[in-house]
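The sequence and the structure are shown first.

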Amino acid sequence: LWKIENFELFLNKRREMIAHALNDYLENLTQTLPERELSLEDIIEYGETQTVEFKETLVWDVVEEKCDKKNRGFDAIKAIAAFGNSFEGGRLIIGVAEIDDKREIKGLVRDYQCLKGDRDDFERHLKGLIINNFGSTFSSLRSSISFVTMDSKEICEIVIEPSSNPLYLDEIKNG
């Protein structure tokens, strides 16, 4: 191709190579790396965001140091409603306190004692709150509850997906 009589052939070949390189670049430009699923530890370390909220307890009032199923439960239900009404959904993590941008794993022991039971009683109470306030369809299709042990303390993670219908909350209906 370096001979003068092959100049046209050279230009055509060069044009093809440049077009091929540009097409490869443009195809790869729209490809993104797969999103890395954050661990619960990472989420807690990062702190509260638009899609993550922490509650120290579900039913135990940490200020009054007494059981308060109605008011404390209302705080959790409000967060679930907010996440259900958002475009992204969210995560409510119970058993973690956030004070001055520092997170501390508190666990669920005080809630368990307040409910006079264990993890199963806690989960039944929480599911009852969700079902009584938003219905069994939302509870089964748009929310999931799991328990994780961190720092030798059990915490609860509720993952809420966006609701197909608006969630309204005038006052808490006990579970």
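Predicted model: local features only at pLDDT ≥ 70, side-chain atom pairs only at ≥ 80, totals over all residues.

## The loop between S7 and S8

Asp151 is placed in the loop that runs between strand S7 (143-150) and strand S8 (153-160). Although Asp151 is not a glycine, its phi is positive, at about 50°. The residue has a relative accessibility of 61% and therefore counts as exposed.

Ser152 lies in the loop between S7 and S8 as well. Here too phi is positive, at about 60°, in a residue that is not a glycine. With 75% relative accessibility, Ser152 counts as exposed. As background, most residues other than glycine have a negative phi.

S7 and S8 belong to an open sheet of four strands, ordered S1-S4-S8-S7, in which the pairing is mixed. Strand S1 (52-55) and S7 are the edge strands, each pairing on one side only. On average, and with direction ignored, neighbouring strands of this sheet are turned by 20° against each other.

Strand S4 (residues 90-94) and S8 run antiparallel and are joined by five bridges. Within this pair, Arg91 stands opposite Val159 in S8. Helix H5 (residues 119-134) lies across S4, S7 and S8, and runs at about 150° to S7.

## The disulfide

A search of the whole structure finds one disulfide. Cys67 and Cys114 form this link, with their sulfur atoms 1.7 Å apart. The link of Cys67 and Cys114 is right-handed, with 75° about the S-S bond. In general terms, a disulfide is a covalent bond between the sulfur atoms of two cysteines.

The accessibility of each partner was also computed. Cys67, at 33% relative accessibility, counts as partly exposed, whereas Cys114, at 8%, counts as buried.

How values were computed:
Residues numbered from 1 in each chain as written. Heavy atoms only, no water. Disulfide = S-S within 2.5 Å. Buried < 20%, exposed > 50% of the residue type's maximum accessible area, 1.4 Å probe, protein only. Helix = DSSP H or I, 4+ residues; strand = E, 2+ residues; numbered from the N terminus. Pairing = 2+ DSSP bridges. Axes fitted to C-alpha atoms, helices over the stretch in contact; angles between N-to-C directions. Contact = heavy atoms within 4.5 Å.
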